[in-house]
Amino acid sequence: MTIAGRTVTAALGSAFTLAALFSSPSSASADPTVPPPGSVTISLVDSIGSGCPKGTVGFSADPVSFTFTLTPAGFRAQAGGTSQPTDHRRNCQNTVGVAAPEEFTFAIAEADHGGHAHLAPGASGQVSWRHHFQGSGTPGTTWRHSLSGPYSDGWQFTDKIDIASLDFRRCGESRHTYIGLELTVDRGTSDASETSLMLMEPPDGSTFRLVWKRCPKP
């Protein structure tokens, strides 16, 4: 694992395809529609936001499952008790670079998020994320998951994107991917003296899985 604040890169030793969503990575590695093993790198270029000051987001990549993981340190939103009015919402904006042979492009096909929450009766919490490519001009789809108090436990949510809805980077481009994470807490009707919070910190985080397709020949 490496820390943001500088570009960090992980070389990926195997490939992952649309078919690999339903098959093993070993069978995907022989598929001619994916980049050759070792030809792709993923980099965490930068992370910044009210919930992740510069240099506080960990990054790792798995060369077998073709995933990468963001693990913010101390990423939390809270309301009630001694919380400040602005504490109820925290965001973490991440810039991720993916380098691959020019005849291939990729999309995010799945995301897993994990953390902990303590929500008083009457309070609620939410984790949300979205992504888009640099220069696309659109913020992309937002995925949201909510919890209601009373709740005091870990949480985990998974988003699987339909094949027809996959957002592939334009062929021939090398633009970065922007991934925005957000935690929010609404005190609601809970006792004002009780603190409710949503938390994501190591070893919890957000893991993203990529899929590939071959670009048409010019």
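Which residue in β7 is the bridge partner of Ser43?

1. Basis. This is a predicted model, in which local features need pLDDT of at least 70 and side-chain atom pairs count only at pLDDT 80 or more, while totals for chains, interfaces and linings use all residues. Residues are numbered from 1 along each chain as its sequence is written, and side-chain values use heavy atoms, with hydrogens and water left out.

2. Strand pairing. The bridge partner of Ser43 in β7 is Gly97. Strands β3 (residues 40–48) and β7 (residues 89–99) run antiparallel and are joined by seven bridges. β7 also pairs with β12 (residues 177–186), again in the antiparallel sense, over eight bridges; here Thr95 has Tyr178 as its bridge partner in β12. Strands are DSSP runs of E, at least two residues, numbered from the N terminus; two strands pair if DSSP finds at least two bridges between them.

3. Trp155. Beyond its neighbours within four places in sequence, the contacts of Trp155 include His113, Gly115, Val127, Leu183 and Met200. Contact means heavy atoms within 4.5 Å.

4. Gly172. This residue lies in the loop between β11 (151–160) and β12. Gly172 is exposed at 72% relative accessible area, the cut-off for exposed being over 50%.

Key:
Helices (H or I, at least four residues) and strands (E, at least two) are DSSP runs, numbered from the N terminus. Buried means under 20% relative accessible area, exposed over 50%, partly exposed in between (1.4 Å probe, protein chains only).
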